[in-house]
Amino acid sequence: ETLIKHGFRLPSALDNRPLREEEFWSKIGATLFVSATPGAKEETLAGVSEGSEVWEYEQQQEQQQDNGVVEMVIRPTGILDPEIEVKPTKNQLNVMLEEIQARKEHGDKVLLMAFTKRNAEDVAAWLCDNNVNASYIHSGLNTVERAEVLQELQSGGLDAVVGVNLLREGIDLPQVSLVLVLDADKEGFLRSCRALIQIIGRAARNERGKAIFFADRETAAMRECIEETYRRRRMQQLYNEKHSLRPVSVSRREMRSLFELERESLREFRSKIPKEGKKESQQPREEDREEDAAASANEFFTEEDSSLSDFSSSSSLSSFFPAEISTKEATERMQNLERLRALVDAFPNLPGVYMFKGEISSSSSLQPQLRTLYVGKAKRLKTRVRSYLRSSTGRGRGLSPRIEAMLKHARSVEYILTPGGERDALLLEARLIKELQPPYNVLLRDDKFYPFICLTLGEELPRLFSTTRKQQSLIGARYFGPYTDSSLLRSTLALLEAAFRLRRSRFQVMYGKTMSRQEYQELVLECLDVLEGRGLEVAEKLEEQGKLAAAADVRKLVAMNPVRKELEFLDWDAHAPPTDVAAITAVASPRPSSSSHASCVALLLQLRNGMVKGRTLLKLDIPKLEDKEHGEEALALALEEAIKEHYTFTPRDEFPQVLLTQVALPNPEAVRGMLQANFDQPVALRSLKTRGKHAKEDKKAIELAIANAEAEAKFIEMQDSRSIAGGDMAEFLGLGRKPSRIEAFDISHCQGTATVASRIVLVDGMPERHLYRVYKITSVQGVNDFAAMEEVISRRFADADEQDIPDIILVDGGAGQLSAALKGLQKISMTHLAGRLVALAKKKEELYLSPSLPPLELDSDRPGMLLLRFARDESHRYAVKGHHRLRKNHLFNRQSL
């Protein structure tokens, strides 16, 4: 109705819109549901009482009719439901192989149900290694590829198909006589009673049909499935005995896929279309061509069309910019864009980094100063930067409000070329953002992270995989990277798997194959040696053992040199002696002005075989000296103390032959003596020089160490800031201690449709994104943010453990949202959490502690408020993201219908 009211739809749209669920059922007089395992909705509509299942009813015809349920478990072929056998998981791979080989002798086929997509791929690969023609089906394959796999199974090209959820295929395969279910005792949707009944039903077209559950315990779903299956079997046996019916498998079945049949139907349909009509339909009308041309002209707006002369009149400017902008301001913006375009015209179209700079008023000077507003990377600088300026000339042409605001302040744009290509541009961009902290690079909300290789050494059976984040839940995990080149990452993982076969070996250990856990751990340690830079030693060891193929793969990895961080900037000699690089930087930590000490960070990088093998971070306190010269002396003395402390406890096999320092040490001879005494060998000690044999390499190595030290200093500064924010929050909220866990909630919808709620979690001020959740609101119709907030709060804390309760529960909004959240807690009798509830309103950044009290009058830029604002804005962002995803799914479903 709103779209019709504002002219976006014709009035006839009311008659053509999809029906809501309640409208649909109100217009339906009688409905016939046909289902092997009816769900709760069908049972309710059929009159089945709550808490019972359809198959629990006796078979008296009168009772079936009274309840609206008619069971159809008798097949015309007389085939019974498959017999179910439960076997232990010990040695299950060998048992599975024996069962498949036995079925092959009869020409039968087998379906296997794995628990994850990766397990499905591993099972299929293991079967192929053991002379079984097998393939897998999961969501990674498209519809046509899945149909081709099933067709190959029907035609005899495959002996077995492994899947995760074969229910979605609608499979009717009389060739399948055995269904194997791995991990049957792992409870979940795919191992629920309904799912298990449907799974074993894939073998109910064959007279030798059988299902085997591999499990070490009997779950409620397994027990219910077995009982229901044998109840049906008894009914089918009685019917067969009464009518002297012998079970017979279906011998023939169409083996062409649905796509081939549809292709034939489409070809036949097209052949019936008159050629004249076809030609006419292919010729567009002249007026249609004109409309298309006009639409194209309006849609694609070239930068030549956006020159200043085209908008000289006030009417053009007012229609071009938003109405609230004056003609004078619009003219100034256009002139500024023209200046920026003139600068960009001189840019090369090469890889590099670009920086928008603008005027920012300084409190210490009345003159505005240029500072970096935004840093970005580009494969083609000129094309990328011009896209900002071209997009900004059209109203809402794809730029975020943040970038629009940046362009409003931008007065200049500069570039830095990276001869090393796009990879170096990525690394330089990250460095510049860390160093300059541009206000329009939103670091905390950037979802783009460079991937790492993770080896989960803390697990009983370690895994090797790629990840974009370091996960705190993986205790003892080692991370290698980051990799800015995704193809290098994939090649590295592929060669590691080819050399050590960790994935297949882990699968075999998990499912009871002959490889022991100790043998698997030895493979993991060899893989770890390669990732740590000892690839040549591992390759030689593998060659001695006769594993030439694996050794060749390891040597390929060594040649690729993937185990590095930013050493491509260094051109470091792989044959250089073991070198440690020491750098130090001060930490701009927010300490009380009365403090007599300041913090600094010393960082030591270990360079081995041309790679960064490791690094050590030491945090020290130095006297707070305002004088620059004395400050540098204090840093040099602190670096010397850090070196002494580090190498006093360093194992001898990790000592370097060369120690390179950022600054000259005050007492170099004392340091040399200490190193030689601990190492029993002399260690070359040198500081950064502007000239000499190693000047170029030393400079690049020191720059890398300084960049890492400064990054760590920024991180420490951020941690200190968050600690101060926690203390500040505890003060104005009246808490007894600093809050550790904060949860924030927000609501998002579009005129009351696709309503969702978000929950984000901060732990010690850091986002824990793996704990983020989106709740689909089910009990609220239309626009009612208060009811939606009440629902999400009650759902979140209904079954919460005491350890799972946050210190602060933040809702986005004012007194109304806070009151709704309190009602949610009252509904589940959790009113003791009311003291942890706060609400933060956006407009004036007002903080509400109680719906009946006025908001706190606090400075919105004080540390505690800044942290609450970040949590509130993060929950809003995540709610909008979840709403867009749900609305997109609804739109797709309507289009499919």
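**Exercise 1.** In this predicted model, what percentage of the contacts in the protein with a separation of 6 or more is accounted for by residues 24 or more positions apart?

*Solution.* Begin with the protein as a whole, which has 897 residues, 42% of them counted as buried, and whose secondary structure comes to 29 helices and 24 strands. Then take the contacts with a separation of 6 or more: residues 24 or more positions apart account for 68% of them.

**Exercise 2.** Find the largest nonpolar core, and work out which element gives the most to this core.

*Solution.* The largest nonpolar core has 28 residues, and Leu 464, Leu 496, Phe 500 and Leu 502 are those with the most contacts inside it. Next, list the elements that give two or more residues to this core, namely β10 (452-456), α19 (486-500), α20 (502-510), α21 (517-531), α22 (535-544) and α23 (548-560). Of the elements, α21 gives the most to the core, with seven residues. Finally, look at Leu 502, which, leaving aside neighbours within four places in sequence, is in contact with Leu 464, Glu 497, Tyr 520, Leu 523, Val 524 and Cys 527. A second, separate core has 27 residues, including Ile 84, Val 176, Ile 199 and Ile 226.

**Exercise 3.** Locate Met 72 and decide whether Met 72 is buried or exposed.

*Solution.* Met 72 lies in the loop between α5 (61-67) and β1 (83-87). The relative accessible area of Met 72 is 66%, and exposed means over 50%, so Met 72 counts as exposed. Together with Leu 32, Val 34 and Val 70, Met 72 makes a nonpolar surface patch of about 510 Å². For the protein, the accessible surface comes to about 49,500 Å², with 50% belonging to carbon and sulfur atoms.

Terms used:
Residues are numbered from 1 along each chain as its sequence is written. This is a predicted model: local features need pLDDT of at least 70, side-chain atom pairs count only at pLDDT 80 or more; totals for chains, interfaces and linings use all residues. Side-chain values use heavy atoms; hydrogens and water are left out. A nonpolar core is a set of buried Ala, Val, Leu, Ile, Met, Phe, Trp, Tyr and Cys residues joined through side-chain atoms within 4.5 Å. Buried means under 20% relative accessible area, exposed over 50%, partly exposed in between (1.4 Å probe, protein chains only). Helices (H or I, at least four residues) and strands (E, at least two) are DSSP runs, numbered from the N terminus. Contact means heavy atoms within 4.5 Å. Patches are made of residues with over 30% relative accessible area and no salt bridge: like charges are joined within 9 Å, nonpolar side chains (Val, Leu, Ile, Met, Phe, Trp, Tyr) within 5 Å. Accessible areas come from the Shrake-Rupley method with a 1.4 Å probe; for residues, only the protein chains shown count as cover. A salt bridge is a side-chain nitrogen of Lys or Arg within 4 Å of a carboxyl oxygen of Asp or Glu.
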